[in-house]
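Opening the notebook on a new model today. I want to go through a few residues and jot down what I find.

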Amino acid sequence: MKKFLIHILFLILILSAKAQEPAAFHQLFPAQHILNPASNGVRNSINGYLLYRSQWTGITGAPQTQVLHVNAPLRAYKIGIGFSAVNEQIGMRNATDISAAFSYNLKTGNTGKLSFGLKAGLKNYSFNTSKAKLSDASDALFNNQEASILFPDFGFGCYYFSKKIYAGVSLPSLFSYRFATSGALNSGIEKQASLYFHSGYFYSVSQNWVLKPEMQLFYNQASSVNAQVNANFIFKDKFTFGAGYQTSKYISFITELNLKPYLIIGYAYSYNFGWLMNVQTGTHEIRLAMDFGLETKKIPLLNTIRDF
């Protein structure tokens, strides 16, 4: 029975590894910089963040994700640049994605910007069955099989941003990756682009309160459409709290705090109420963000929390 359960868990982790590409986060606004290259450098600041995500806490081998991102404008040339590094472990699989983004920005009206972006990078996927904890060490399926592949990846998108609204559409990754088993463990690349759409709106409820509804949509052949909707309340541009729903049966709670004029910490907790609800205790996502404004020589400067 134990051997059967191990085989089932092995297959689940493989399927989830493929279904989760590109990585999805519950803090939607900062995630756009990774998923849409056109959103890099649209603001007049050098900004970036560190993010750590622990999914399905309580399940051995569940996904763990670490993100480093930074972007900045080159205003003299109307362009933006960005850099991202994403590392993810799921059971016996490890994925590392390092990429650079470039955007070209056009002014639309007094406060709006329309940008077009390109992303280029490298992906490294590896798989090692020696990391599996087995009750039967002689199981041939887990007999120290390894596979690794390094390949280039590209993405592109367009993005509109103003003081009250933002929206974008992109192809974050033109390739997805799969491991194929046929006697021994082999590797290969299949072309399967994912379409990503995201948007949000800032509605002033009163002098101190702002309501920010936001949403994102993913589409690919493997997982069809996956949607998430968040509703956030911003108090005095210093504190944010909200909740969200994802069609893959997640509910989430999000909070952000402006610790300093240039420093923000964000946290999101989500719970899967689908078939995993009895074997996991939720997903935790924490983010530390910094912003150094370019509008004045007095650095650091953060104009508003909602610009994150």
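**Entry 1: a glutamine in a helix**

I started with Gln32, whose side chain reaches the backbone oxygen of Phe29 at 3.2 Å. This is a predicted model, so I take the distance as computed from it. I looked up the element next: Gln32 sits in helix α2, which covers residues 28–35.

Is Gln32 buried or exposed? Its relative accessibility comes out at 0%, so I put Gln32 down as buried, the cut-off for that being under 20%. Then I asked what Gln32 touches once residues up to four places away in sequence are set aside. My list reads Ser39, Tyr159, Tyr166, Tyr196 and His198.

**Entry 2: an asparagine in a strand**

Next I went to Asn232, which I found in strand β13, residues 224–235. Asn232 has a relative accessibility of 2%, so it goes down as buried.

Which side chain does Asn232 join in a polar contact? I got Glu214, with 2.8 Å for the pair. Glu214 also turns up in the contact list of Asn232, which leaves out neighbours within four places in sequence. Besides Glu214, I noted Val210, Leu211 and Lys212 there. The list also holds Thr240, Phe241, Gly242 and Ile254.

**Entry 3: positive phi values**

I then looked at backbone angles. Trp56 is not a glycine, yet I read a positive phi of about 55° for it. Where is Trp56? I placed it in the loop between β1 (45–54) and β2 (64–74). With a relative accessible area of 11%, Trp56 falls under the 20% cut-off, so I wrote it down as buried.

Lys78 went on the page too: its phi is near 60°, again positive in a residue other than glycine. I found Lys78 in the loop between β2 and β3, the latter being 79–90.

**Entry 4: the whole protein**

I finished with the totals. How many helices and strands does the protein have? I noted two helices and 17 strands. Of its 308 residues, 47% count as buried, and I have Gln32, Asn232 and Trp56 marked among them.

For contacts, I took those with a separation of 6 or more: residues 24 or more positions apart account for 53% of them.

Terms used: Residues are numbered from 1 along each chain as its sequence is written. This is a predicted model: local features need pLDDT of at least 70, side-chain atom pairs count only at pLDDT 80 or more; totals for chains, interfaces and linings use all residues. Side-chain values use heavy atoms; hydrogens and water are left out. Helices (H or I, at least four residues) and strands (E, at least two) are DSSP runs, numbered from the N terminus. Buried means under 20% relative accessible area, exposed over 50%, partly exposed in between (1.4 Å probe, protein chains only). Contact means heavy atoms within 4.5 Å. A polar contact is a pair of N or O atoms within 3.5 Å; within protein, one must be able to donate a hydrogen and the other to accept it, and residues adjacent in sequence count only if both atoms are side-chain atoms.
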